[in-house]
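Please keep the sequence and the 3D view at hand.

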Amino acid sequence: MGKRAVVLCTTPFEVTARNIARVLGLPDYPFLTVQHPVGSCTLPELKQRAEVAYQQALPILLA
């Protein structure tokens, strides 16, 4: 068994991520989303988004 991992995408790419998962035969594949964009965020904004992502990732990683 390998290391656990999660897929993270920003909100505009959520539909694409779901479609890729469906095409690969994994329609219920869990992944997390964060608000877009991240490239222009300030450090406090990034920390807030990272906290949201962390909270979303925990149940996926611990499942």
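Which residues form a nonpolar patch on the surface? In this predicted model, the patch is made up of V7, I20, L24, L26 and Y29. Together these residues have about 460 Å² of accessible area. One of them, V7, lies in the segment before β1, the strand that spans 8-10. The relative accessible area of V7 is 36%. V7 therefore counts as partly exposed, because that class lies between the 20% limit for buried residues and the 50% limit for exposed ones.

Next comes strand β1, where T10 is found. Is T10 buried or exposed? With a relative accessible area of 10%, T10 is buried, because the cut-off for that class is under 20%. The side chain of T10 makes a polar contact of 2.9 Å with the side chain of H36. Apart from its neighbours within four places in sequence, T10 is in contact with V34, Q35, H36 and V38.

The last stop is R49, in helix α2, which covers residues 43-62. R49 is buried, yet it has no salt bridge. How far away is the nearest side chain of opposite charge? That side chain belongs to E45 and is 5.4 Å away, whereas a salt bridge requires a distance within 4 Å. Setting aside neighbours within four places in sequence, R49 is in contact with V34, Q35, H36, P37, V38 and C41.

Conventions
Residues numbered from 1 in each chain as written. Predicted model: local features only at pLDDT ≥ 70, side-chain atom pairs only at ≥ 80, totals over all residues. Heavy atoms only, no water. Patch = residues over 30% accessible without salt bridge, like charges linked within 9 Å, V, L, I, M, F, W, Y side chains within 5 Å. Areas by Shrake-Rupley, 256 points an atom, 1.4 Å probe, with all protein chains shown as cover. Helix = DSSP H or I, 4+ residues; strand = E, 2+ residues; numbered from the N terminus. Buried < 20%, exposed > 50% of the residue type's maximum accessible area, 1.4 Å probe, protein only. Lys, Arg positive; Asp, Glu negative; His and termini not counted. Contact = heavy atoms within 4.5 Å. Polar contact = N/O pair within 3.5 Å; in protein donor to acceptor, adjacent residues only side chain to side chain.
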